[in-house]
Amino acid sequence: MSSPTLEQVAKGDGLALCAAGAWTSASAPLMEKLVADAEKLSGSRPNISIDVSQVAKLDTFGAWLIERLRRTLTVGGQEAEIAGLSENYASLVDEVRKVKPRAKPGRGPNGITVVLDGIGRNVYGVGETLLSLVDMIGAVIAAWFRIWLHPSRFRLTSMVHHLQQVCWNAVPIVVLITFLIGCIVAQQGIFHFRKFGADVFVVDMLGILVLRELGVLLVAIMVAGRSGSAYTAELGSMKMREEIDALQTMGFDPVEVLILPRMMALVLAMPILAFLGAMAALYGGGLVAWMYGGVDPATFLSRLREVLSINHFVVGMAKAPVMAMVIGIVACVEGLAVKGSAESLGQHTTASVVKGIFFVIVMDGVFAIFFASLGI
């Protein structure tokens, strides 16, 4: 079989590059040299064509070299043509032509561009999160009204099951953590108040702090980490296994079946856990005040009755259902956003905990401003 050749033939003002022989990978070095020499003609003539009518055999490598030559000769808007292409090799050249040339490496973005791009993406992500939360709130409210009109559709068994999971099973860890926090707060308070001979004022600090702020906030953070992550993992697993799609196919509303019972269980469980947590913190603080500060239980309780009013208790308990709704909404939104991979499930479970704790703290600040404006 003849070796590949590439001859230059003048045609008026133009130039024809006539290829002949076998343009296959067996003659790769020679074809590379022929094409490299021909590429130097780029821009030298107004019209340059490539004639392949005498090519006896062509494979992918040869077709790519011819296509590369055509692209190199295409300058200034002038399109170099491949002429004489037989039907046997036309499809091969067309496939090679679809290959896009590698982009030339340019300068990377500067630091300011990277920072602005990150800020923009984060702002967009925040807006997307808020829209998802509003959409879920609307869906839950609509489902609640449907249940209100048709009570038989409410899944009481499911709610009781979730109530056991998020309330009864959470009591030991909530009581233990809040008891320890109460002990720590009392010990630190006594340590500093003792410098001024005001050990008994630790009762004021502990009572108000636990009932108004610390008790419900700590419990909400624990619930977000424990129950919120569980909700996200459960719904995310259902999404991955297409169980939610199956429910919709069977005519069930996933919000009524899966989300509303969980939300109701969390709203009922949160005040109970907040109350138990506050009592455990007060008990732990009273125990430390007695053993470490010398404040006997009778004095501790008497001081509590003098300092505390029903308003402090109401403020703390009023926050609990709202924080429960925030945690539940965030957890369900993240659960339904899971894609079909374990990595996505882990990412959204982490995001559920982080966002849940963030919104709980934000809501606590909003409540503090609200009750302060009311003078409570």
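This report describes strands, helices and nonpolar cores in a predicted model.

## Basis of the description

The model is predicted, so local features need pLDDT of at least 70 and side-chain atom pairs count only at pLDDT 80 or more, while totals for chains, interfaces and linings use all residues. Residues are numbered from 1 along each chain as its sequence is written, and side-chain values use heavy atoms, with hydrogens and water left out.

Helices (H or I, at least four residues) and strands (E, at least two) are DSSP runs, numbered from the N terminus. Two strands are said to pair if DSSP finds at least two bridges between them. Strand E1 (residues 5-11) pairs with E2 in the antiparallel sense, over seven bridges; Gln8 has Leu17 of E2 as its bridge partner.

E2 (residues 14-23) also runs parallel to strand E3 (residues 48-58), to which eight bridges join it. Here Ala20 stands opposite Gln54 in E3. Eight of the ten residues of E2 are buried, where buried means under 20% relative accessible area, exposed over 50%, and partly exposed in between (1.4 Å probe, protein chains only).

## The nonpolar cores

A nonpolar core is a set of buried Ala, Val, Leu, Ile, Met, Phe, Trp, Tyr and Cys residues joined through side-chain atoms within 4.5 Å. The largest such core has 26 residues, of which Val219, Val223, Leu266, Met270, Leu273 and Ile327 touch the most other members. Two or more residues come from each of helix H5 (156-166), H7, helix H9 (254-291) and helix H11 (310-336). H7 contributes the most, with eight residues.

Contact means heavy atoms within 4.5 Å. Setting aside its neighbours within four places in sequence, Leu273 is in contact with Val166, Cys167, Ala170, Val171, Val174, Val219 and Val223. A second, separate core of 25 residues includes Ala63, Leu65, Tyr89 and Val96. In soluble globular proteins, nonpolar side chains tend to be buried together.

Met159, His162 and Val166 are the buried residues of H5. Seen down the helix axis, these residues fall within an arc of 70°, so they line one face of H5; the arc is that of the directions from the helix axis to the C-beta atoms. They pack against H7 and H9. On the other side of H5, Leu156 and Thr157 are exposed.

## Asp204 in helix H7

Asp204 belongs to helix H7 (residues 201-240). This residue is buried, with a relative accessible area of 16%. Apart from its neighbours within four places in sequence, Asp204 is in contact with Arg303 and Val307.
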